[in-house]
Each structure stands twice: as C-alpha cells, then as structure tokens.
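Student: I would like to go through some structural terms and see what stands behind each one. Please set each value against its definition.

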Amino acid sequence: MTDSSNELIASLVNPFDDTAEREFTVPGQVAAEPGLYEEALKKGWELQQRPYLAAGVKSVQRQHLKHRMTIWERIEFLADEEPRVLFQNWGPNLDGASLVTALIKVDGRDVAIYGHDFTVRAGSMDATNGKKLARLFELAAKSKVPLVGLNDSAGAYIPAGVGGLDGYADAFTALRKISGVVPSIMCMFGFNAGGGSYLPRQGSFMIQPNDTFFGLTGPGVVKSVLGEDVTPEELGGPSVHSQSGVNDFVVPDEVAALRKVRQLLNYLPSYNGEAAPHQPSSDPINRKTWDIDILLKKAFNSPTGFNTPIDISIMIQQLCDHGDFLEIQPDRARNTITALGRMGGNVIGFVANNSAVSSGQIDIAAAYKNARFIRFCNLYNIPIIFLEDTTGFLPGKEQEAGGIVQAGRAMLDAIVDLRTPRFLVLVRNAFGGAYASYNNYPTGADFVVALPTTRVAVMGPAGVEYVYKDELRKIRGEAKARLKSETQAQVTAGLADDDALKAATALVDGWVKAEEQLLAQRYERELMNPNEALSLGSISQIVMPSNLREVLAEHMNFCLRHYEPSPLQSVQREFH
C-alpha cells in the first residue's frame, strides 16, 4: 500500500519525449542568440499559460472523479471558439487565480462570462477576484452584452481575511448595478456556500444540476450551530431550491446546464435597449389551432362540464411557432405557467393560470412566480400574453398568515407597471379580484379577447346565494310546507311515521336541489358569460378557439411594429 502522495498519476505527456525549448523569433529574421528581449517574451508566455496549467493533472482528475468539468472544459463546451481571457492576474500567492473572466461567442453572439476554477483554492474569492468580477460586470453593461456565470466556489478565501469579504462586496455591488441593464444567467456547479450563493442569485436566471449544493452554510455548520443532521440535498439541493423559487431550472448534469444556457440566450435580448432576437419561422401565423378546439371540447363535454380541469400548457404549445416554448420555474407553483415562446418569430412571454393544478387558483408561490417573470419581461422589452382561467386567489388561514395580500399586490404591481405590449385571453373562469388584477383594460392591457367558453363574474357559482337570495329564501321556506304535506301523504299511503318522514325528506331534498340547479343555470346564463363584459367594452371580441393563434399573432405584429424598445424609465416604486 503506497502513501496517497506517492500514487502514480495518469498523464498524457510522454516522459521520454524531448521537450523542445520554445523559441521566439520573427519570420524572416536572421538567426541570432537570444537576449534580454527573448527572455522577457519567454516569461510573458509562461504567464499566459499559467491559468491553463496551474491545476495540474491530479487536481483535474479529482474534479473529473466528482463528475465535474474544469472551468476550461465548461467554457470550451459553451463557446463557439477560443475565449478571450481577461484579467490574467496571478500574484505570488495565486491572488485572483481561482476565477476566470472572459469574452466568448455563443451562437455568434458576444457574451461576457466568468467561472470559478475549483482546482485552485476551491474556487474561493479573494479581494483580487472581486475587482475582476466588478470590471467584467461593468464591461458587460458598457458593451451591452449578456452575462453568464459558471459558479463553483467554496465561498470567501479564509486566509485572505476581510479581503475576501471585500471581494464579494465589490462583486455584489457591481452585479446589482447592471441588473436590468443586461440579462444574466447563472449556473450552479459543485458545492457553493456563503457569498458563492448570494452572488449568482442576483442574476436573472439560475440553473442547478442534480447532485449539487448551494446555500448560506453547509451541513457541517448547521450541525455545529443547531445540532441538526441534514444532508446537502435536504439543505440546498435542487429539490429544495426549485420549490422556493431560488433556482429557475433543474437539469440532470453540467452538460444539460450549459445547453440550457444556449437555449435561454436564444430568447433574450443582449441588453435593455433592444427587442429579443427575432427568428423567422416557417409556421404560418394563420395556422388553425384545432387542437385547442379538441382540448376544450373533450373537457367541457365531459360529465363534469365546465368544472373540468385543463392543462393550459397545451394551449401555449398550440399558440407558439412549431409548438416550441421554454417554461420558467417548471417545478414551482404548477397552478400557474410562466414561459417564453415565439409567435410569428417574435419572442413572447406567457403567464397562464393552470386549472389542472388547484383549479388554477393564485396562491402565494404563484403570485410571486408571476410577479418576478412579469418584471423581467418589462425590463427587457418582451411582450406578454396572459391566459386567464382561475376561480380566484386561494383563501384560507395559511395563505393569509403567509402574506397572500402582499404576494397578490406584488403581482398586481408588476402588471400595472408593465409597459410592453400585453394581451389577455379569457379562456374560462375569471372571477372577482383575480379578474380585476389580471391584466384587463383598466390595468393597462392592449388587447383583451375571450373564448366563447368564458365565464366572467364577480363571483363563481357561489354568487347564486347573493344574486337570487329572495328566490332561494322562498324555495327553502316552501320546503318546510312541502315536507309537512308530503309526510302526511306518505302516512296516508300506509307508511309508518319514521319511514314516512324519511321518504318525504328525500323527495323534498331532491326538489330543492332541482330548483337550486335551475337557479345556478340561470346565473350562468344571465351573468357567468362574456355577454356583459363584451357589451361594456371590457372585452374587444369573442374569438373561436381555432382562430386564436391568428388573431393574437396578427395583433401582436401590429403592436410590436409600433413599440420602441428602450430601457425602463418609469419612477422607482416603493415595493417590488
């Protein structure tokens, strides 16, 4: 058994090869003995190569054994070509060595990128790193290019003392200042703690592969402070952060994360003064959306009728070019869907109630999920189509205690502040406060349409109790007299008193339910429909399901032709 420090390390270098000395000559120059100039070039070249060679084979192997790529492998996979590395500062104590900053091209677009080199000081942050990051962030904003972060850091470099904390403070401040100027995408690789978690969450989107961790502290600190035994997955794994909304995407591995970066960049503008990239499509905007017809027909003609849940993502798929869209935070608050797609080549944001989960009711998580997505689209000139099918905000003690009023207000504020073209499609249910706060004409919508299946009202079916209270009082009052007379009739027919009462009760209850059902049908016929909203101008038009893509895409083309992309100039509100 050999000591671990003496174990053989695999290498691609042939030890028997003659190592040729690198020469620095100018083509066509007469050969001469190297001098001070050539010696300076040699030292400069060694400094150039140092970032790529510092890790050594052993550290690279250790990274690979943990199923992780090195920072250089990650950049190579993501970039179209060789990166232009910035700030190659490598002090005598490896100051700044654990962080790489570069400019790359992704699908032909310029992108600013940084990444922690875990093979050097576990990717930890010192004061030099903070300055490097701050300069990169400032360059991204000045050059109007998106930012990508490849995070794999143990946090602040402890031997650096307060310098490591200052480094994070520099980075925090710089990243906050470019928030809303250029979009940023953060990938979480490996085991990140402390500032290594704070910094990336300042970004626009966060991608976390399986078998990774990030959090304020690791399980060891939790054990020592609170005495709790907890695994990294339970404390800060993807399943935790995907439910809280801290991360936006969970992917199987690092390769999937980098592919998700490419996919997401495809929908994002480079900065806040331009529209998202247009992508010509062979899918005609006047394509009939028959599948929406089929979906609604099968749902509403079923035994449960208009109470049948439907998966709204099927409708989003039918509206988008070739059915392609990217859902944001797909594992969180499934009662609402937020997604990016295209119609007629234009990038569109979708916010949709999903009645397949909790009747599409808006709870705290759904409201915050919507608010955050709407605010992002507002900053980066992305129009939004809202698809409404909800019975309202979720009531109850738990929701009130958790702050549903605050969450609902955050969503309403985001909608009111929205400046990009925004449409509302009333699919089915639109009741009470949920309708009033969900991008209608009074809150600033540019276009509101309804399907024939729409049911707009102050209240849902429970509104029968208030609209027809006199009729219901009369029915329930008459029920007492009917019960008495029916009981007597059953006794006369030869039943015992107890049996007569049971039979009479069943008959009268059936009559009451039938009468109440008639009132419910009357309520739907008179109030729970789009007629009044159409007559008042709350709806622009009734659209047949098969024509929905054509109507929305054509009107969106018109609105975008007359929309000037620009940075947000509105007053900074008190809450966000």
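Predicted model: local features only at pLDDT ≥ 70, side-chain atom pairs only at ≥ 80, totals over all residues.

Student: Why are α12 and α21 called oblique to each other?

Tutor: Helices are DSSP runs of H or I of at least four residues, and strands are runs of E of at least two, numbered from the N terminus. Helix α12 (residues 312-319) and helix α21 (residues 548-561) pack at about 60 degrees, and their axes are 9 Å apart. Axes are lines fitted to C-alpha atoms, for helices over the stretch in contact, and angles run from 0 to 180 degrees between N-to-C directions. Under 35 degrees counts as roughly parallel, over 145 as roughly antiparallel, 65 to 115 as roughly perpendicular, and the rest as oblique. The pair α12 and α21 is therefore oblique.

Student: Which residues make the contact of α12 with α21, and how do they divide into nonpolar, polar and charged?

Tutor: Contact means heavy atoms within 4.5 Å. Met315, Gln318 and Leu319 of α12 meet Leu548, Arg549 and Leu552 of α21. These contact residues divide into 4 nonpolar, 1 polar and 1 charged. Nonpolar covers Ala, Val, Leu, Ile, Met, Phe, Trp, Tyr, Cys and Pro; charged covers Asp, Glu, Lys and Arg; the others, Gly among them, are polar.

Student: What makes α3 and α10 oblique?

Tutor: Helix α3 (residues 71-78) and helix α10 (residues 254-265) pack at about 40 degrees, with 10 Å between their axes. That angle therefore makes α3 and α10 oblique. On the α3 side the contact is made by Arg74, Phe77 and Leu78, and on the α10 side by Glu254, Val255, Leu258, Arg259, Val261 and Arg262. The division here is 5 nonpolar, no polar and 4 charged.

Student: How do you know that β14 and β15 pair?

Tutor: Two strands pair if DSSP finds at least two bridges between them. Strand β14 (residues 422-431) and strand β15 have 4 bridges, in the parallel sense. Leu424 stands opposite Val448 in β15. Strand β15 is also joined to strand β17 (residues 541-542) by 2 bridges, again parallel, with Val449 opposite Gln541 in β17.

Student: Are the residues of β15 buried or exposed?

Tutor: Phe447 and Val449 point one way from β15 (residues 447-450), Val448 and Ala450 point the other way, and all are buried. Buried means under 20% relative accessible area, exposed over 50%, and partly exposed in between, with a 1.4 Å probe and protein chains only.

Student: What makes β1 and β9 edge strands?

Tutor: They belong to an open sheet of 7 strands in the order β1-β2-β3-β4-β5-β7-β9, with mixed pairing. Strands β1 (84-86) and β9 (249-251) each pair on one side only. The twist averages 20 degrees from one strand to the next.

Student: Where is Pro309, and what is Pro309 in contact with?

Tutor: Pro309 lies in the loop between α11 (290-300) and α12. Neighbours within four places in sequence aside, Pro309 is in contact with Ser355, Ala356 and Arg428.

Key. Residues numbered from 1 in each chain as written. Heavy atoms only, no water.
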